[in-house]
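Colleague: Hi, could you walk me through this one? I'd like to hear about its pockets, its cavities and a few residues.
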Amino acid sequence: MTTFEIEPGQLFIGGQWREAADGARTEVVDPSRGTVVTTVAAAGAADVDAAVRAAREAYDGGAWSGLSGRERGRILHRVAELIRENADELARLESLDVGKPITLCHAVDVTNAANDYEHFAALAHSLHGAHRDTPMNAVAYTRQEPLGVVAAITPFNFPLILAGSKIAPALAAGNTIVHKPADETPLSALFMARLLQEAGVPDGVVNVVTGTGPVAGDALLRHPGVDKIAFTGSTAVGRHAASVAGESLKPVTMELGGNAAHVVFEDADLEKAVGAVIKGFVFNTGQFCMGGPRLLVARSVYSTLLGILADAVPGVPVGDPRRPETVVGPMAGEKHLKKVEEYVELARKEGGRIVCGGERLDLDGGYYYKPTVIADLPNDSRVVQEEIFGPVLTVQPFDSEDEAVALANSTPYGLASGVQTTNLARAHRVADRLQAGIVWINDWAMLDPAVPFGGVKDSGFGREYGPEALAAYTKVKSVVVSLD
């Protein structure tokens, strides 16, 4: 058994590495073994204040916002290059921290993080205002300006990607940042601080404070020196963050929980559909807010598809994330594993039929759970309606297109949806009716920095990716010059 040792982490504030003011530290656990691999500094309110002050000083001094968009873009391009040059180390850290299979870390996390910075580097010099024609004897125009200091708060499931989806557009627009990564998964955020500094991002422009949400996270949310909050996480914590932001009228973007429906019509290519369905619910061990944990199947192919899943899902490779053949790794922590166990037990009590899975996998002391398919649950079941955030798929039949849409839209969430059909008219028609920020047709999790995503209803508001994300990190100023 290989033992991995990671250097203890410190806070990154004003371009310097430092311990927390009170010396507090917190453990980082390898979820594939349940063992502590290192510790990181646990920021308190004083540390958060120092980070926000460093970001404010850098912003007010124009060290970053004073650069041209082209120059900011050049540095962000260099960040993307450094991510690719350090791909092996970033993938290793992400796999160790989250329990994500190393192959996926390379193919998905590292690749998409580099693409994030590259995409927004190209957009950095596209910010511009516009002349406005008015009947006034004046010249009127608008300017797009950075907001100031951005608090970026990111979750445990995709630390590298979801940090980049906030930091890259915020930097492209000229803002400075204080990044608070998830308690459990801080390692790639600390490594990225080194790469950003090496790329030429000035000191104080990006600051990283590790620590707990109730202490460091809440102090950052409430700090009067923060101009915008960019948050990804659970709906419950998002409500708290939005209410705190509302007290001081700060702009926020919220990418929150999801419970997406994957709709398979009778005319779908079932072989292709099954691959997308399995990917949709086991990807990242189901710890994916845009995953597809609810499968809705036309009744005429319901039994057939259940049979295919019963045969295929147990064959998905589950195990040590450091093995290249592994597809499903462990849950990110003991509390996440227990939550999944509780929901599956609830499904049994609610009359659900366990088609496959339904139990822990005892392996190396890690937090593993077998991919699980559950049939025969009513739509008002908590297991159907709530976000499980694990490798669990519920399957329900439907009899008509209208019923499929009604079932898909029946939860409080609206982050993603999917449709499997060979009928092009139906694909567009159903996509129009689904209440979700992104709809995939005949596949799942097709994501690119050019394509925005985000939620409706309890899945939040605002958009990540695309020019829409860049606009979310700017404010519009109007200038009117009298010609009298």
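Colleague: Let's start with the largest pocket: which helix gives the most to its lining?

Modeller: Helix 7 does, with five residues. Before we go on, this is a predicted model, so local features need pLDDT of at least 70 and side-chain atom pairs count only at pLDDT 80 or more, while totals for chains, interfaces and linings use all residues. Residues are numbered from 1 along each chain as its sequence is written, and side-chain values use heavy atoms, with hydrogens and water left out.

Colleague: Thanks! What counts as a pocket, a lining residue or a helix here?

Modeller: We work on a 1 Å grid over the protein atoms alone: a pocket is an open set of points with protein on both sides within 12 Å along at least five of seven lines, a cavity is a set where a 1.4 Å probe fits but cannot get out, and lining residues have an atom within 4 Å of a point. Helices (H or I, at least four residues) and strands (E, at least two) are DSSP runs, numbered from the N terminus.

Colleague: How much space lies in the largest pocket?

Modeller: About 890 Å³. A volume is the space filled by probe spheres set on the grid points, which are joined across faces, edges and corners.

Colleague: And which residues lie nearest its centre?

Modeller: Phe156, Phe231, Gly233, Ser234 and Val237, out of 34 lining residues. The elements giving two or more residues to this lining are helix 7 (213-222), strand 10 (228-232), helix 8 (235-247) and helix 11 (334-349).

Colleague: How does that lining split by class?

Modeller: The largest pocket has 15 nonpolar, 11 polar and eight charged lining residues. Ala, Val, Leu, Ile, Met, Phe, Trp, Tyr, Cys and Pro count as nonpolar, Asp, Glu, Lys and Arg as charged, and the others, Gly among them, as polar.

Colleague: OK, what's the volume of the second largest pocket?

Modeller: About 270 Å³. It is lined by 14 residues, and Ile6, Glu7, Pro8, Leu190 and Arg194 are the closest to its centre. Helix 3 (87-98) and helix 6 (187-199) are the elements that give two or more residues to its lining. The largest share, four residues, comes from helix 6. By class, the lining of the second largest pocket has seven nonpolar, two polar and five charged residues.

Colleague: Switching to cavities: how many are there of 30 Å³ or more?

Modeller: Four. The largest cavity has a volume of about 110 Å³. Its lining has 17 residues, with Gly286, Phe288, Pro293, Phe389 and Gly390 closest to the centre.

Colleague: What about the second largest cavity, what's its volume?

Modeller: About 90 Å³. Of its 14 lining residues, Ala163, Ile167, His179, Ala189 and Met192 are the closest to the centre. Helix 5 (159-172), helix 6 and strand 9 (206-208) each supply at least two residues of that lining. The lining of the second largest cavity has 11 nonpolar, three polar and no charged residues.

Colleague: Back to helix 11, which gave residues to the largest pocket. How far does it reach?

Modeller: Helix 11 has 16 residues and reaches 23 Å from its first C-alpha to its last, close to the 22 Å expected at 1.5 Å a residue. That expected span is 1.5 Å times one less than the number of residues.

Colleague: Which of its residues are buried?

Modeller: In helix 11, His336, Leu337, Val340, Tyr343, Val344, Leu346 and Ala347 are buried. Buried means under 20% relative accessible area, exposed over 50%, and partly exposed in between (1.4 Å probe, protein chains only). Their cover includes strand 14 (353-356), strand 17 (372-375) and strand 18 (392-398).

Colleague: Now Thr474: buried or exposed?

Modeller: Thr474 is buried, at 11% relative accessible area. Thr474 sits in strand 22 (residues 474-482).

Colleague: What does its side chain reach?

Modeller: The side chains of Thr474 and Gln144 are joined by a polar contact of 3.3 Å, and the Thr474 side chain reaches the backbone oxygen of Ala471 at 2.9 Å. A polar contact is a pair of N or O atoms within 3.5 Å; within protein, one must be able to donate a hydrogen and the other to accept it, and residues adjacent in sequence count only if both atoms are side-chain atoms.

Colleague: Last one: what is phi of Asp364?

Modeller: Near 55°, a positive value in a residue other than glycine. Most residues other than glycine have a negative phi. Asp364 is in the loop between strand 15 (360-361) and strand 16 (368-369).

Methods: Contact means heavy atoms within 4.5 Å.
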